[in-house]
Amino acid sequence: MVLQAITNVRATVSRAKHHIPNFAMVKDKTPMAVSAELRGEDMYYFLSKVVDVVMPRIKEYKGVSGGSGDGSGNLAFGLQASAVGTFPEVEVNYDAYPPKMIPSVDVIVCTTASNDRDARVLLSSMGIPFHGKHAN
């Protein structure tokens, strides 16, 4: 599983709680998403890989949107499947991960900051670039 390889943490599977007739594929308890919660050393290692290895390899990457916060110090950004393929763990074993099996990844960074401005300052000091109009 790609998420476990790039985060070095066991991923948990989220399943559908209800059958939705409008979506024929979604049945009760069908796997819908995978998530991994990173804390401490694993979190810092993952963010440093994203900033130092993955983001520089993305062509014409401006940075994380300035308005990507939720107002309480949490910021989110996404990586497309092509960007996830540039992680060192995936590149080394690229034959084990067919391109159709590499998912896009949404990263949510929860900080101790009380507002988005402080969170952007904190993450900017870690090397994450921001672009566009900064909302507070």
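**Figure 1. Overall layout of the protein.** Of the 136 residues of the protein, 32% count as buried, where buried means under 20% relative accessible area, exposed means over 50%, and partly exposed lies in between (1.4 Å probe, protein chains only). The structure is a predicted model, in which local features need pLDDT of at least 70 and side-chain atom pairs count only at pLDDT 80 or more, while totals for chains, interfaces and linings use all residues. Residues are numbered from 1 along each chain as its sequence is written, and side-chain values use heavy atoms, with hydrogens and water left out. The protein has five helices and six strands, taken as DSSP runs numbered from the N terminus (helices: H or I, at least four residues; strands: E, at least two). From the N terminus on, the order of elements is α-β-β-α-β-β-α-α-β-α-β. The C-alpha trace spans about 45 × 35 × 30 Å along its principal axes.

**Figure 2. The largest nonpolar core.** A nonpolar core is a set of buried Ala, Val, Leu, Ile, Met, Phe, Trp, Tyr and Cys residues joined through side-chain atoms within 4.5 Å. The largest one holds 30 residues, and those touching the most other members are Ile 6, Phe 77, Val 84, Phe 87 and Ile 128. At least two residues of this core come from each of helix 1 (2–7), helix 2 (40–57), strand 4 (74–79), helix 3 (81–84), strand 5 (105–110) and helix 5. Helix 2 gives the most, with six residues. In soluble globular proteins, nonpolar side chains tend to be buried together.

Figure 3. A search of the whole structure finds three salt bridges, each being a side-chain nitrogen of Lys or Arg within 4 Å of a carboxyl oxygen of Asp or Glu. In one of them, the side chains of Lys 49 and Glu 89 meet at 2.7 Å, N to O. This pair links distant parts of the chain, with Lys 49 in helix 2 and Glu 89 in helix 4 (residues 88–92), 40 residues apart. Lys 49 counts as buried because its relative accessibility is 6%, whereas Glu 89, at 22%, counts as partly exposed. Arg 57 forms a salt bridge with Glu 91, and the closest N and O atoms are 2.8 Å apart. Here too distant parts of the chain are linked: Arg 57 belongs to helix 2 and Glu 91 to helix 4, 34 residues apart. Arg 57 is partly exposed at 43% relative accessibility, and Glu 91 is partly exposed at 39%.

**Figure 4. The salt bridge of Arg 39 and Glu 37.** The closest N and O atoms of this salt bridge are 2.6 Å apart. Arg 39 and Glu 37 are both exposed. Side chains of opposite charge can pair when their charged atoms come close.

**Figure 5. Asp 116, a buried acidic residue in helix 5.** Asp 116 lies in helix 5 (residues 116–125). Asp 116 is buried yet has no salt bridge, and the nearest side chain of opposite charge, that of Arg 120, is 5.0 Å away. For charge, Lys and Arg count as positive and Asp and Glu as negative, while His and the chain ends are not counted. A polar atom of the Asp 116 side chain lies 3.3 Å from the backbone nitrogen of Gly 73. Asp 118 is also placed in helix 5, and its relative accessible area of 38% makes it partly exposed.

**Figure 6. A nonpolar surface patch.** Met 1, Val 13 and Val 34 make a nonpolar surface patch of about 260 Å². Val 34 is found in strand 2 (residues 31–35) and is partly exposed, with a relative accessible area of 41%. Patches are made of residues with over 30% relative accessible area and no salt bridge; like charges are joined within 9 Å and nonpolar side chains (Val, Leu, Ile, Met, Phe, Trp, Tyr) within 5 Å. Accessible areas come from the Shrake-Rupley method with a 1.4 Å probe, and for residues only the protein chains shown count as cover.

**Figure 7. Two loop residues with positive phi.** Asn 8 is not a glycine, yet has a positive phi of about 65°. Asn 8 sits in the loop between helix 1 and strand 1 (12–15) and counts as exposed at 59% relative accessibility. Glu 60, another residue other than glycine, has a positive phi near 55°. The loop between helix 2 and strand 3 (64–65) holds Glu 60, which is exposed, with a relative accessible area of 81%.

Key:
A polar contact is a pair of N or O atoms within 3.5 Å; within protein, one must be able to donate a hydrogen and the other to accept it, and residues adjacent in sequence count only if both atoms are side-chain atoms.
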